[in-house]
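Subject: Structure handover and notes

Hello,

My notes come after it.

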Amino acid sequence: MSANHLRSAVAILGALTLLAAGCHTSHVVNSSPLSYPAAATTNTVDTYHGTQVADPYRWLEDENGEGTRAWVEAENAVTFRYLESLPEREPLRRRLTELYRYDRYGVPSRYGGRYFFTRVRGLENQTVLLTADSLEAEPVVLLDPNRLSTDGTVALKSYVPNDAGTRVVCALSVAGSDWEEWRVRDVATGQDTGDVLQWVKFSSCAWARDGSGFFYSRYDAPPESAKLSKVNEYQKLYFHRLGKPQSDDTLVYERKDHPKWGFAGETTEDGRYLVITVSEGTDTRNRVFYRDLSKPESPVVELLRDFDASYNFIGNDGSVFYFLSDLDAPRSRILAIDVTQPERSRWREVVPQSDATLTSAGYVGGRFIAVYLRNAYSEVKFFGTDGKYQKTLELPGIGTVSGFTGRQDSKETFFAYTSFTTPTRLYRYDFATGSSTLWKQPDVPFRPEDYETRQVWFTSKDGTRVPMFITGRRDLAPGKAHPALLYAYGGFNISITPSFSPANLLWMEQGGLYCVPNLRGGGEFGEEWHQAGTKLRKQNVFDDFIGAAEWLVKERRTTPRQLAIAGGSNGGLLVGAAMTQRPELFGAALPAVGVMDMLRFHLFTIGWAWVSDYGSSADPEQFRALFAYSPYHNLKPGTCYPATLVTTGDHDDRVVPAHSFKFAARLQAVQSCSNPVLIRIETRAGHGAGKPTSKIIEESSDRISPIASQPVVE
């Protein structure tokens with residue numbers, strides 16, 4: 001659950017967090033209770049610091065086990081039989097298909113006089129990589145993953161051209177797995193060069209200045225039978241020389257004494273330095289090392305090794321490195337460090353901390369472009385390299401921007417803008433004129449002016465004020481309760497900001513409110529806000545979420561019977577914790593790919609990396625906090641839980657599906673009323689990134705239709 005991948009996962013999960021039109025009851029009763037597949041229980045008991053904890057569904061952790069496969073098949077049979085019987089399912093799917101029928105472009109970048117960008121045309125399953133000589137020219141397809149599989153499950157996860165724009169590294173993923181296969185494509189011929197790299201995960205790509213090869217990170221090959229569940233440790237940094245087999249790659253850096261360290265290499269624009277960002281799980285703090293590439297066999301120098309703050313490399317002027325850092329600045333600032341005089345007393349503050357949160361910065365066009373969050377929506381400012389403020393970029397409204405890549409001598413840059421009611425627009429910014437021009441604007445069949453977004457503030461349990469976006473149709477009757485979908489995340493310093501989703505639009509078309517609170521644990525208000533929702537303070541996140549629900553009910557925006565909650569990954573944990581703590585407050589729950597067993601999450605794939613946010617059951621005090629809210633362990637017999645649809649993917653190697661399997665099996669066993677408890681297990685799908693458009697439409701429709709069909713029980 002690294003920050004970079006999570007940013008990608010969250011964007012896609014937003015399209016999956018959809019509830020039924022007309023979620024009518026807090027306890028939606030199915031007229032004929034479902035018959036769930038038998039799930040055997042065992043007497044498995046673990047002892048944590050003197051406390052015995054039962055784990056009766058441990059056997060579901062074996063994804064290759066015969067019993068697990070049979071249970072998955074039986075659960076899917078019940079779920080899809082139920083879904084197929086609903087008359088709402090097909091009309092909803094048809095309308096969502098209409099809303100997805102538009103072209104979606106990625107932010108362009110320029111290398112060697114050529115432009116590179118991505119496009120999804122209409123209902124294409126996967127993103128296509130394009131290149132063009134100019135912005136006006138007809139683009140040429142460089143790589144089309146839709147041609148690489150019959151079911152649309154091979155995805156282009158990322159691409160990195162070399163400086164000359166003659167070759168591109170393309171990272172491909174199959175069936176949503178975090179494992180990537182890297183190939184190199186020749187731009188002139190449109191063919192692969194034959195370079196193939198495997199067992200790459202959570203890696204950057206940094207080309208050498210001369211284009212001879214690139215730096216990347218990978219793990220040792222896991223056993224085939226455990227490639228989706230084995231713990232990922234001992235990442236290594238390599239250099240791959242073009243034309244050579246992967247077995248000949250040069251090992252650049254490893255740390256056998258630190259199995260949990262991860263390495264991201266980046267070459268400076270002048271080609272002189274390799275900057276190595278050293279991370280430890282998802283902890284926002286990191287180390288920074290470097291190597292002088294101008295000197296053969298030069299050693300790796302440990303520049304920042306105290307692990308005392310986050311240091312994100314922005315660029316350099318010779319030996320002066322610029323970093324975005326939260327050192328002594330929880331809302332972040334820009335620092336300059338001369339590697340020839342690295343003493344802390346010689347560090348220079350370039351752009352100081354402000355009252356907004358500095359989330360990213362680029363050194364482009366001879367200046368720093370700083371992207372801030374002010375009350376969870378974007379603000380962009382330009383600064384000179386001397387730190388002097390130049391201007392604030394005018395934006396279309398309350399939304400989210402991204403992009404601003406390029407070289408230090410670039411004459412242009414590009415950025416994307418989106419909001420809850422604005423499909424992503426792409427703009428070109430001209431440094432000479434200081435103006436922005438629209439480059440691409442999607443044509444989606446709806447009227448944005450019929451919708452509005454407002455930001456409100458509510459008070460959480462401990463008195464903390466928390467903001468929340470509420471979006472819906474302008475013609476909704478004031479003072480009347482409406483169906484509401486409450487979506488949030490609250491973790492890993494990830495900020496949930498305004499973005500467009502056809503699935504959420506479908507929900508709002510039918511009169512629903514889409515509500516997004518910015519919970520503690522996220523990064524919206526800096527590192528202090530993040531830390532306030534971690535480890536022993538994680539309950540603050542759930543209290544904030546519950547506080548948002550209580551505010552919506554108190555202000556008569558909705559009622560418990562009309563309120564649904566949704567979230568994915570860490571947000572799935574959020575939904576699981578909220579529904580177990582306050583089951584009467586919600587009408588429906590939609591936990592997607594959630595972390596549900598908080599005592600064992602660290603034992604699978606990259607789960608150990610989340611200890612920086614969650615803590616670990618190996619620690620006595622942290623165990624007590626985890627055990628107190630772990631969704632799987634806090635399901636109580638004799639409780640009426642909301643109607644629930646759990647979703648996961650059988651190839652999820654980020655949050656292994658066993659979390660969802662165990663939670664669903666126990667929830668079905670303890671449910672005391674007729675509210676349905678279903679689990680939808682997508683085959684050939686992972687954590688969310690790279691999911692084909694067809695699967696997104698199917699799953700989103702299936703998340704709507706079961707609740708829409710329920711009768712009102714007064």
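What follows is a set of notes on a few helices and a few single residues.

Please keep in mind that this is a predicted model.

Helix 9

Helix 9 spans residues 620–629, and its buried residues are Gln622, Phe623, Leu626 and Tyr629. These lie on the same side of helix 9, because the arc they cover around the axis is only 145 degrees. Arg624 and Ala628 are exposed and sit on the face of helix 9 turned away from the buried side.

Helix 3

The buried residues of helix 3 (residues 89–99) are Leu92, Leu96, Thr97 and Leu99. Around the axis they cover an arc of only 155 degrees, so they are on the same side of helix 3.

Helix 10 covers residues 658–670 and includes His659. Is His659 buried or exposed? With a relative accessible area of 5%, His659 is buried, since the cut-off for buried is under 20%. The side chain of His659 has two backbone nitrogens in reach: a polar atom of this side chain lies 3.1 Å from the backbone nitrogen of Met596, and the side chain also reaches the backbone nitrogen of Asp597 at 3.1 Å. With neighbours within four places in sequence left aside, the contacts of His659 are Gly594, Val595, Met596, Asp597 and Phe601.

Helix 10 also packs with helix 2 (residues 66–84), at an angle of about 60 degrees and with the axes 12 Å apart. The crossing of these two helices is left-handed. On the helix 2 side the contact is made by Thr68, Trp71, Val72 and Glu75, and on the helix 10 side by Phe661, Ala665 and Gln668. Sorted by class, the residues in the contact of helix 2 with helix 10 are four nonpolar, two polar and one charged.

Arg58

Arg58 is in the loop between strand 2 and helix 2. Its relative accessibility is 18%, and Arg58 therefore counts as buried. Which residues does Arg58 touch, not counting those up to four places away in sequence? They are Thr44, Asp46 and Arg600. With Asp46 there is a polar contact of 2.2 Å between the side chains. Along the chain, Arg58 and Glu84 are 26 residues apart, and their C-alpha atoms are separated by 31 Å.

Ser294

Ser294 belongs to the loop between strand 18 (286–292) and strand 19 (300–304). A relative accessible area of 47% makes Ser294 partly exposed. The side chains of Ser294 and Asp292 are joined by a polar contact of 2.5 Å. From Ser294 to Arg703 the separation is 409 residues in sequence and 56 Å in space, C-alpha to C-alpha.

Regards

Technical notes. Residues are numbered from 1 along each chain as its sequence is written. This is a predicted model: local features need pLDDT of at least 70, side-chain atom pairs count only at pLDDT 80 or more; totals for chains, interfaces and linings use all residues. Side-chain values use heavy atoms; hydrogens and water are left out. Buried means under 20% relative accessible area, exposed over 50%, partly exposed in between (1.4 Å probe, protein chains only). Helices (H or I, at least four residues) and strands (E, at least two) are DSSP runs, numbered from the N terminus. The arc is that of the directions from the helix axis to the C-beta atoms. A polar contact is a pair of N or O atoms within 3.5 Å; within protein, one must be able to donate a hydrogen and the other to accept it, and residues adjacent in sequence count only if both atoms are side-chain atoms. Contact means heavy atoms within 4.5 Å. Axes are lines fitted to C-alpha atoms, for helices over the stretch in contact, and angles run from 0 to 180 degrees between N-to-C directions. A crossing is left-handed if the near helix is turned anticlockwise from the far one by less than a right angle, and right-handed if clockwise. Ala, Val, Leu, Ile, Met, Phe, Trp, Tyr, Cys and Pro count as nonpolar, Asp, Glu, Lys and Arg as charged, and the others, Gly among them, as polar.
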